[in-house]
Amino acid sequence: MMWDMTQIGSMMASVMFVWAIFQQYFPEELGMHIKQYFRKLLSFVNPYITINFHEYQGDEYERSKAYSSIERYLSTNSSNGVKRLKANVLKNRKSIFLSMEDYEEVIDEFQGMTIWWTSSKIVPQRQALFSYNDGEEKRYYKLTCHRKHKDAITNVYVPHVLDEGDAIAKKTRQQKLYTNGRKTSWSHILFEHPSTFDTLAMHPDKKKDIMNDLMTFIESKEYYKKVGKAWKRGYLLYGPPGTGKSSMIAAMANLLNYHIYDLEFTSVKDNTDLRKLLIGTSSKSIIVIEDIDCSLDLTGQRKKKKRENNEEEENPVQKKEKEKKKKGKEMTLSGLLNSIDGLWSACGSERLIVFTTNHVEKLDPALIRRGRMDKHIELSYCCFETFKVLAKNYLDVESHDLFSTISCLLEETNITPADVAENLMRKSAEENADSCLKELVKALESAKEKTMMKVVEESTSDGISSDSAYEQMEDTDAESGDSGDEDSSD
Ligand SMILES: Nc1ncnc2c1ncn2[C@@H]1O[C@H](COP(=O)(O)OP(=O)(O)OP(=O)(O)O)[C@@H](O)[C@H]1O
C-alpha cells in the first residue's frame, strides 16, 4: 500500500540478519542502544504508525467492547474492496452482517485522512502445529495511519468508530442463546423461541405482576446505583415438569430482548471455570441454571450429611490427601454463591439469574434466600384461568358449553399445562374446537379416575375401607378448591 513490498521485504531481511549477528557478538547493553537506533531509523523511513485493538487484552476474560464496536463499524465498510468476508445472517434473514476474514484489509476515509484496517490473529506456536482448539487464538484489528494524523485518529476517528459501532449494535441486536458445552467459553445460536407472555398460560394477575417486576428492573439502573447493589435480579422458578418454567424464561427474554446464557453445570469443572463463564456473559442477559437440584453437590443438607458419613469411614491420611486434591478443583455451593452475588457478580450489569427446579424442597436455603433469588415463582398444575389462556391460544375460543365441566374437572385433578396444551392441539384437518375440548374432558376424567384409584389403593393398604376412602377424597376436594399457580414472591 505504501511501499513496494519486495523492497520492504529485502530491507527487513537485511536488518534482521545484521541484528542477529549483533545479538550474538555484542554485549546486551550495546545491543539495547543499537536496537533503539534501528527503531528510530525505521520510524524515520516509515511515516506510518499502527495501533492494535485486541479482542481480549492480557488475561482479561471479557471480550473487548472496543473490538466488537470496530468489528461492527467495519462491517458497514468492509464489503468494498475486501475479497474474503465472513457472513452472519441477521434476524428474519432481512440483512447480512459482513465482517473481514483473517488477514484481510479494508481502507477507510475520514475527514481527509486514510486509515487502513487489517484483521489479524496471533496463533500460539503449539496450537499451530498440534492443537485444534480455536479458543487459543488471539484476534486483533490493526489500524494503520500516517504519523501526522496520530492525534486526530486517537481523539476523533477512534471515538467516532466506537460510537458508530455501538449504534449499529443497537439497530441489529439479535437475541442469542449461549451454552458452555464442554468448554469454559460460550458458543451461541440465534434465539428464536416463540414463547411470549401472551402465549404463556397462567393467572392474569400473576402474569401482570411478573411483567411489572421485569419492567421495573430494567428501568432501575439509577436506583440500584443509589442503594449500592449490583444491577441484577434473581428468579427461582419451581414446579412440576411441564408447567412452563422454560417457556417463562423464553417469554422473559423476548419481553426484554435479552440474550440467554444456559449454564450447563455438569460441564463446569471448578469455581474458577464458573467465574470465568459468568464474567464472559454480556449485559442485558438471562443466566439460566435449569434443574438446579440435579446439579452437582449443591443441594442442601441431606447430600452433605451422606458425604460426611462416608468420609468418617476413610482413614485420616486418605481423607487429607483427598481434600488436598480437591482444594480449588471442585465447584462448591460457596463458589456458586460467590459468583452470583460476591464481588465478581458486579462485573457486568443488567442481568437476570434464573434457577429452575422441580423440587424446591431439596435446595439449600442459602442458595435461594431473598436477596439472592429475589422472586420465587411457583408454576403449578393447570387451573381454569390457565386453561382459558390455552383455549384462546390453541383454539381461538373464549367461551364454550364445555367450559363449566372443564372448570370442575380441573379443580378435582392435577394436570399440567403441557398436557392440556397437547389435548387442545389440532392433530388433523377434521379436528375443531369441539372435538379438542371433548378430548380434553376425556383426558381430565381419566386423570381423575387414576387419582381416585391411587388414593383407594393407598388407603386399603393402610387398612381403610374403600368406601370411606372415596368419602375422604370427596371431603378433601370440597375443602381444597386449590387452583394452583401460587406465587410467593416478595
Ligand atoms: N404455562 C404454560 N403456558 C403455555 N404453554 C405451556 C405452559 N406450560 C407448559 N406449556 C407447554 O408445554 C411445553 C413444555 O413446557 P416447559 O418446557 O416450559 O415446561 P417446564 O416446566 O420447563 O418442564 P421441565 O421441568 O420438564 O423442563 C411447552 O413447550 C409449552 O408448549
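In which handedness of crossing does H14 pass H16? The crossing is right-handed, a term used when the near helix is turned clockwise from the far one by less than a right angle, anticlockwise being left-handed. This is a predicted model, in which local features need pLDDT of at least 70, side-chain atom pairs count only at pLDDT 80 or more, and totals for chains, interfaces and linings use all residues. Residues are numbered from 1 along each chain as its sequence is written.

**Whole chain**
- The chain has 18 helices and 13 strands, taken as DSSP runs (helices H or I, at least four residues; strands E, at least two) numbered from the N terminus.
- Of the 490 residues, 22% are buried (20 or more other C-beta atoms within 10 Å of the residue's own; exposed is 12 or fewer, partly exposed is in between; C-beta atoms are placed from the backbone).

**Helices H14 and H16**
- H14 (residues 384–395) packs on H16 at an angle of about 35°, and the axes are 10 Å apart.
- Axes are lines fitted to C-alpha atoms, for helices over the stretch in contact, and angles run from 0 to 180 degrees between N-to-C directions.
- H14 contributes Thr386, Phe387, Leu390, Ala391, Tyr394 and Leu395 to the contact, while H16 contributes Pro417, Val420, Ala421 and Leu424 (contact: C-beta atoms, placed from the backbone, within 7 Å).
- This contact has 9 nonpolar residues, 1 polar and no charged ones (nonpolar: Ala, Val, Leu, Ile, Met, Phe, Trp, Tyr, Cys and Pro; charged: Asp, Glu, Lys and Arg; polar: the others, Gly among them).

**Ligand shell**
- The ligand is surrounded by 15 residues, and the closest are Pro241, Gly244, Ser247, Pro417 and Ala418 (near: C-beta atom, placed from the backbone, within 6 Å).
- H8 (245–256) and H16 (417–424) each supply at least two residues of this shell.
- By class, the shell has 7 nonpolar, 7 polar and 1 charged residues.
- The ligand lies between domain 2 (187–378) and domain 3 (384–480), because both give residues to the shell; the domain bounds come from an automatic or database domain assignment.

**Single residues**
- Isoleucine 353 lies in strand S12 (residues 351–357) and counts as buried because it has 25 C-beta neighbours inside 10 Å.
- Most residues other than glycine have a negative phi.
- Asparagine 257, in the loop between H8 and strand S10 (259–262), has a positive phi of about 60°.
- With 11 C-beta neighbours inside 10 Å, asparagine 257 is exposed.
- Aspartate 291 also has a positive phi, near 45°, and is partly exposed, with 14 other C-beta atoms within 10 Å.

Terms used
Contact = placed C-beta atoms within 7 Å.
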